[in-house]
Amino acid sequence: MQIRPTPFDHPDAIKLNDAVQLEYAERYADEDEVGEGDLTPLDATMFVPPRGLYLLAYDTSDSPVASGGWRTQDTNPEGYSDGDAELKRMYVTPDARGLGLARRILALLEADARAAGRTRMVLETGTAQPEAVALYTSSGYTPSRPKFGYYRAYDSSLCFAKQL
């Protein structure tokens, strides 16, 4: 497996983003709005170094199998704080799960955000994603109060943070 920086608007990134959006829609189908996928506004410029980074993992056939990125956040009305790096679009295709790719991508993103001067990694996930919660808690993330992000008012929203 090879992990490499890739623009958020690259066709391979779009392919994995579409896949994760379908998974979100299925997992949250019973909730208002959330059943449509993650509606958090994102664009490719948010992941351009040094204010962010987007990574894709490729298998030995050069097919994209995992993704993840971070973007700069500072104090704003959605509850972020100065120095935050927000984790976005962590995803591993079903066939590549269990290989440690999410953990490898997470470690690379944390190191990059730290090198860019960010002091805290934050993320928003949900109650229908127990695998994500397990990854983050086993990687040193703790629940964050107050909640932040696009879905902060939803009961199913779970927010986590880790000092970098």
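**Exercise 1. In this predicted model, decide how many residues of strand β4 (residues 84-92) are buried, and what that says about the strand.**

Step 1: Recall the cut-off, which is that buried means under 20% relative accessible area.
Step 2: Apply it along the strand: 9 of the 9 residues of β4 are buried.
Step 3: Conclude that β4 is largely enclosed by the rest of the structure, because its residues are buried.

**Exercise 2. Find which sense β4 takes when pairing with strand β3, and which sense with strand β5.**

Step 1: Start with β3 (residues 64-73), which pairs with β4 over 7 bridges in the antiparallel sense. To see this pairing on the model, look for Gly-69 opposite Lys-88 of β4.
Step 2: Turn to β5 (residues 120-126), which runs parallel to β4 and is joined to it by 3 bridges. Here Glu-86 has Val-122 of β5 as its bridge partner.
Step 3: Now follow the chain through helix α2 (residues 101-115): β4, α2 and β5 form a β-α-β unit, and that unit is right-handed.

**Exercise 3. Work out which elements build the largest nonpolar core, and explore the contacts of Met-90.**

Step 1: Locate the core, which has 25 residues; Leu-87, Met-90 and Ile-105 are among those with the most contacts inside it.
Step 2: List the suppliers of at least two residues each: β2 (52-58), β3, β4, α2, β5 and α3 (130-138). The most comes from α2, with 5 residues.
Step 3: Select Met-90 and check its neighbours beyond four places in sequence, including Ala-102, Ile-105, Leu-106 and Leu-109, as well as Leu-135 and Tyr-136.

Notes:
Residues are numbered from 1 along each chain as its sequence is written. This is a predicted model: local features need pLDDT of at least 70, side-chain atom pairs count only at pLDDT 80 or more; totals for chains, interfaces and linings use all residues. Side-chain values use heavy atoms; hydrogens and water are left out. Buried means under 20% relative accessible area, exposed over 50%, partly exposed in between (1.4 Å probe, protein chains only). Helices (H or I, at least four residues) and strands (E, at least two) are DSSP runs, numbered from the N terminus. Two strands pair if DSSP finds at least two bridges between them. A crossover is right-handed if, with the strands pointing away from the viewer, the path from the first strand over the helix to the second runs clockwise. A nonpolar core is a set of buried Ala, Val, Leu, Ile, Met, Phe, Trp, Tyr and Cys residues joined through side-chain atoms within 4.5 Å. Contact means heavy atoms within 4.5 Å.
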